[in-house]
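Here are a few friendly notes to read alongside the model.

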Amino acid sequence: MVTTRRFWTRIAVVAGLLLAVTAPARADNPVVQHIYTADPAPMVHNGRVYLYTGHDEDGSTWFTMKEWRVFSSADMVNWTDHGSPMSLATFSWASKDAWAGQTVERNGKFYWYVPVVNRATGRMAIGVGVSDSPTGPFRDAIGRPLLENGEIDPSVMIDSSGQAYLYWGNPNLWYVRLNPDMISFSGGINQIPLTTAGYGTRTGDAKRPTLYEEAPWVYQRNGQYYNVFAAKCCSEFIAYSTAPGPTGPWTYRGTVMPTQGSAFTNHAGVVDFKGSSYFFYHNGALPGGGGFTRSVAVEKFNYNSDGTIPQLTMSTAGPPPADTLNPYTRQEGETIAWGSGVETEVSGEGGLNLSHTNNGDYVKLKNVAFGNGATTFTARVASTVAGSSVEVRSGGPTGTLAGRCSVPNTGGWQTWTTVTCPVSGLTGTRDLYLRFSGGSGYLLNLNWWQFTAGTAAAASNQTTGDAMCTPVTTPGGPRAALDGDPAGSKCAAS
Ligand code: FUB
């Protein structure tokens with residue numbers, strides 16, 4: 001995202017000196033900084049939150065959306081980019097508008113319900129993608145629309161009885177009972193009556209007397225059913241209603257998030273994860289952001305004791321970490337708490353890699369549990385230039401240098417090698433900064449990284465100030481473990 005890259009590169013340069021001295025807390029909202037994202041749909045599965053989003057194109061002046069994206073996190077602060085495992089091209093019958101959807105797991109398969117325009121009719125229809133993995137790839141489950149009535153924004157829920165429901169609609173609110181196969185439904189298309197008791201009172205629009213606008217997010221919690229939805233237009237705010245059952249009767253409960261941010265839409269997704277509750281939404285907070293260049297953000301919240309939802313405010317801080325990040329297992333280059341200037345791309349080694357790094361660009365990883373200390377840093381890198389390096393820092397992007405891995409010209413942006421260098425001073429739980437340095441132009445790609453644990457004393461023996469490291473190349477592929485390798489044979493301080 002060129003606009004964002006330039007902005008944050010400039011900000012990084014200006015702020016760098018200040019950070020080195022003051023090291024202020026950095027913002028972590030929006031969740032993703034390298035592309036615009038919209039319409040968050042979080043799903044908890046096997047100890048991770050999977051975040052399904054739409055993708056607003058750079059410089060967009062309409063909801064010009066061609067693909068969906070997936071990110072995941074085990075701690076709510078470090079997010080891994082899984083790329084785009086589903087797009088308009090997935091649905092051969094769809095012509096445009098990859099708008100807001102939601103994913104649910106059933107019997108080991110993941111079903112992603114999305115609205116797209118049906119080429120044959122020119123109307124909005126709901127399609128369903130299916131995959132064996134939460135990160136895809138997804139394929140069209142039925143090769144045609146699941147249903148079509150010209151309305152948008154499907155939200156899917158399986159309640160405690162095991163019955164699955166699909167809700168959607170703008171300007172109306174609809175639902176179907178999905179069959180256990182999740183790709184058909186029984187009982188026809190049902191309309192939820194939009195009463196002012198159920199969905200609040202809108203003034204000044206005789207055609208839409210209630211606040212309900214679009215973007216239903218329906219879920220069951222402690223026996224109560226919630227519909228958190230986009231209210232009024234425009235600008236929208238987020239409101240909610242509750243009901244004793246999945247089909248009502250609904251009672252309007254008020255505002256969750258007032259109109260804020262610089263996007264005229266908002267779109268909510270709510271999950272519980274590792275003992276806390278999280279509210280996802282979107283705004284226009286990134287540079288160049290606005291109504292058609294939106295970004296997903298998240299806040300932690302607590303339900304009131306009676307189950308009502310407190311009013312929430314958009315923040316730049318985001319939630320505190322729900323867990324630590326383990327630096328001694330392989331971590332993806334595209335796992336990011338905050339990225340400045342960087343982008344991601346599909347990797348020739350599978351998954352994605354971090355890309356388009358310029359001098360001074362960096363990635364922050366939050367709440368990294370180094371314990372007694374790290375002795376080496378290993379990175380899987382590719383580059384077409386000589387003389388670049390990955391700086392390992394703490395305290396800020398230009399904070400204390402723990403080590404530096406020089407990166408050779410590998411002969412191609414997808415020609416990978418593994419480099420290892422000694423590090424020192426990385427103990428306890430702290431934020432980690434991987435900063436990229438070198439000449440002008442793009443410097444290096446990063447596929448994955450990993451530290452080796454050791455005692456702080458051992459680490460300080462290996463590293464002297466601005467230590468450089470001789471790259472360790474492994475032409476046969478990524479190297480899994482470094483434990484037991486003699487550090488001196490891999491790296492030479494200079
Ligand atoms: O992203 C396109 C549309 O904008 C969504 O379908 C709506 O909910 C609104 O967020």
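1. Let's begin at Arg294, where an N or O atom of the side chain is 2.8 Å from an oxygen atom of the ligand. For Asp153, the side-chain N or O atom is 2.5 Å from a ligand oxygen, and for Asp39 the value is 2.4 Å. Polar contacts here are pairs of N or O atoms within 3.5 Å. The protein covers 99% of the 280 Å² of accessible area that the ligand has on its own (Shrake-Rupley method, 1.4 Å probe).

2. A word on the basis: this is a predicted model, in which local features need pLDDT of at least 70 and side-chain atom pairs count only at pLDDT 80 or more, while totals for chains, interfaces and linings use all residues. Residues are numbered from 1 along each chain as its sequence is written, and side-chain values use heavy atoms, with hydrogens and water left out.

3. Elsewhere, do look at the open four-stranded sheet, with order 16-17-18-19 and antiparallel pairing (strands are DSSP E runs of at least two residues, numbered from the N terminus; a pair needs at least two DSSP bridges). Strand 16 (212-221) and strand 19 (251-257) are at the edges with a single partner strand each, so one side of each has no neighbour in the sheet.

4. Within this sheet, strand 16 pairs with strand 17 (residues 224-231) in the antiparallel sense over seven bridges. Trp217 has Val228 in strand 17 as its bridge partner.

Terms used: Polar contact = N/O pair within 3.5 Å; in protein donor to acceptor, adjacent residues only side chain to side chain.
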